[in-house]
Amino acid sequence: MQISVVGLLVCCGILAVVTYMRWSMITALIASLAFGATAIGTIGSLGGSSPLIFTIFNILLIATALARRGIWREIGIAFGHIGATWIVCALMIYVTLGALLFPRLFEGQTSAFVASRTGRGVYEAALAPVSANISQTGYFVLAGLTFLAVCVLVQREGTLTDIKRGYFLWFILHVSMGMLDLLGKVAGAGDILAPIRTANYSMLTDVTEAGFFRIAGAFSEASAFGGVSLSGLAFSYTYWTKTGSKFALGLGSVLFGLLLLSTSSTAYVGLTIVSLPVVISIATSLASGRLRSGEALLLTLLMPLLLLGMGVILFYPHFLDPVVQLVDTTIINKVTSTSGQERSYWNYKSLQSFFDTAGLGVGLGSSRASSWPIALLSQLGLFGTVIMMVLLAMLMRGLRGSSHVDPQVDAIASSARACALSSLVAGSLASGSPDPGIVFYIPLAVVLVCRRLPVKYNRAVVAAMPRFDHPVRSGKRRTASIPGHA
């Protein structure tokens, strides 16, 4: 393995901040997601696979959980009270066996899309075992183990606070690098964040779309940046509605602006889908005459913007022509573009491979699609898809039906849940992998554990929490187990 010096420096920087602020490893793990194209190194034996830096924090988090006193008893409590732990373990075993067996069982019987080692592109070939079967399975298992570790760690006081800090730090870093990327391109400096893009990906960063600079932030392309911006917007909005945090409102406003400037069709279509529940909620409140303060504020901000837009169009008819061209290019004519047709073909052949393998799938990492649900069917098969849908249903349920949940705990769990669901919306539009990642598994663990927390623990968590308006330095960590389980 060839170590990336830049990736190592970024890891050390995150660890230094977390250590100085006396935060836990889960904060560092979530914050590291902001570096979506920074690899820790390159593994030549796995076809040039370049694990991102979050994998290091994944391993450190799991090791930290295992090193805690009384860990085996807490693991027993997690397996005894949270049925999803058994489901995740079964899914990890099934996916691992499928990645090893299915490409060999159905070798040559269907087609697959694999990454080229030289051209950094994707080409169609007959199904066969590839190095991605190992690397992608490793990511999947690591995410599942992270779910189990978070289920254990959330049982301890202070962990929810660190999860909240991690999300805020993640999106603060995301916004900062997005703005740096945009300013560098506007100033004519090009891709100033190129030094931190050490992953072995195809980098589509210094490009334009309909005359607009494409914002990639710390990612390899605008689509990935737009997808994370959508997740951050959902997190910030939900947190703001739950707590009234001005910091969350400000962060969400900046994320909304960067999302609009990202020129990503994934972000635009995803924003439309994610906004539907908000629109329905406001319409319902207006119809019932019970408009909440947050909804009233949104309407108050929306009306002047609409009037301003109408005034601009009236006095400067061609002022918005570049915007119209951008919408036409990224949304209306996206399907008919070369890229859109190529991705549609990936999805078509992936669905065909699902039927060619009698619903068993081609195995994780054997191929790629351009939609998360289709990738699920084609790679994990019907059985794996059903299991994943069960986990998704648990996440979507959230804390509904759970009694005596403190509002602050509900704010963290609901915001993380909104982030995960928005990430899946973006993935359904453009993701080529069936693995939802730790962005899905961490909120799932938080939601499931919070549903079963004793009332005393809820109050203890809130008592230990600083204000949620911004991440602040904490004092000495408290590591007592859940009251009633000590």
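The model is predicted. Its largest nonpolar core has 104 residues, and a search of the whole structure finds 0 disulfides. The structure holds 1 cavity of 30 Å³ or more, while the second largest pocket contains about 1,600 Å³ of space.

**Nonpolar cores**

- Within the largest nonpolar core, the residues with the most contacts are Phe147, Tyr167, Trp170 and Tyr441.
- Helix 16, residues 438-450, gives this core its largest share, 12 residues.
- Apart from neighbours within four places in sequence, Trp170 is in contact with Ile30, Ala31, Leu33, Ala34, Val228, Cys419 and Val439.
- There is also a second, separate core of 7 residues, with Leu230, Leu233, Ala267 and Ala426 included in it.
- As general background, nonpolar side chains in soluble globular proteins tend to be buried together.

**The largest cavity**

- The largest cavity has about 30 Å³ of space.
- Its lining is made by Ile30, Leu33, Tyr167, Trp170, Ile438, Val439 and Ile442.
- Sorted by class, that lining has 7 nonpolar residues, no polar residues and no charged residues.
- At least two lining residues come from helix 7 (159-186), and at least two from helix 16.
- Helix 16 supplies the largest share of the cavity lining, 3 residues.
- Tyr167 and Trp170 line the cavity and are also among the residues with the most contacts inside the largest core.
- Ile30, Leu33 and Val439 are lining residues of the cavity and are in contact with Trp170.

**The second largest pocket**

- The second largest pocket is lined by 43 residues, and those that lie nearest its centre are Tyr237, Val274, Ser275, Val278 and Leu298.
- Two or more lining residues come from each of helix 8 (222-243), helix 9 (246-261), helix 10 (265-288), helix 11 (293-315) and helix 15 (407-430).
- Helix 10 provides the largest share of the pocket lining, with 10 residues.
- The pocket lining has 23 nonpolar, 13 polar and 7 charged residues.

- Cys12 takes part in no disulfide, and the nearest cysteine sulfur, that of Cys11, is 6.9 Å away.
- Cys12 counts as partly exposed because its relative accessible area is 43%.
- Cys89 is likewise in no disulfide; for Cys89 the nearest cysteine sulfur belongs to Cys151, 9.7 Å away.

**Val409**

- Val409 is found in helix 15.
- With a relative accessible area of 0%, Val409 is buried, since the cut-off for buried is under 20%.
- Val409 and Thr161 are 248 residues apart in sequence, and their C-alpha atoms are 9.1 Å apart in space.

- Arg22 is not a glycine, yet its phi is positive, near 60°.
- Arg22 sits in the loop between helix 1 (5-21) and helix 2 (25-31).
- At 45% relative accessibility, Arg22 is classed as partly exposed.
- Ala358 also has a positive phi, about 60°, without being a glycine.
- The loop that holds Ala358 lies between helix 13 (338-356) and helix 14 (372-397).
- Ala358 is classed as exposed because its relative accessibility is 67%, and exposed means over 50%.

Note on methods
Residues are numbered from 1 along each chain as its sequence is written. This is a predicted model: local features need pLDDT of at least 70, side-chain atom pairs count only at pLDDT 80 or more; totals for chains, interfaces and linings use all residues. Side-chain values use heavy atoms; hydrogens and water are left out. On a 1 Å grid over the protein atoms alone, a cavity is a set of points where a 1.4 Å probe fits but cannot get out, and a pocket is an open set with protein on both sides within 12 Å along at least five of seven lines; lining residues have an atom within 4 Å of a point. Grid points are joined across faces, edges and corners, and a volume is the space filled by probe spheres set on the points. Helices (H or I, at least four residues) and strands (E, at least two) are DSSP runs, numbered from the N terminus. Ala, Val, Leu, Ile, Met, Phe, Trp, Tyr, Cys and Pro count as nonpolar, Asp, Glu, Lys and Arg as charged, and the others, Gly among them, as polar. A nonpolar core is a set of buried Ala, Val, Leu, Ile, Met, Phe, Trp, Tyr and Cys residues joined through side-chain atoms within 4.5 Å. Buried means under 20% relative accessible area, exposed over 50%, partly exposed in between (1.4 Å probe, protein chains only). Contact means heavy atoms within 4.5 Å. A disulfide is a pair of cysteine sulfur atoms within 2.5 Å.
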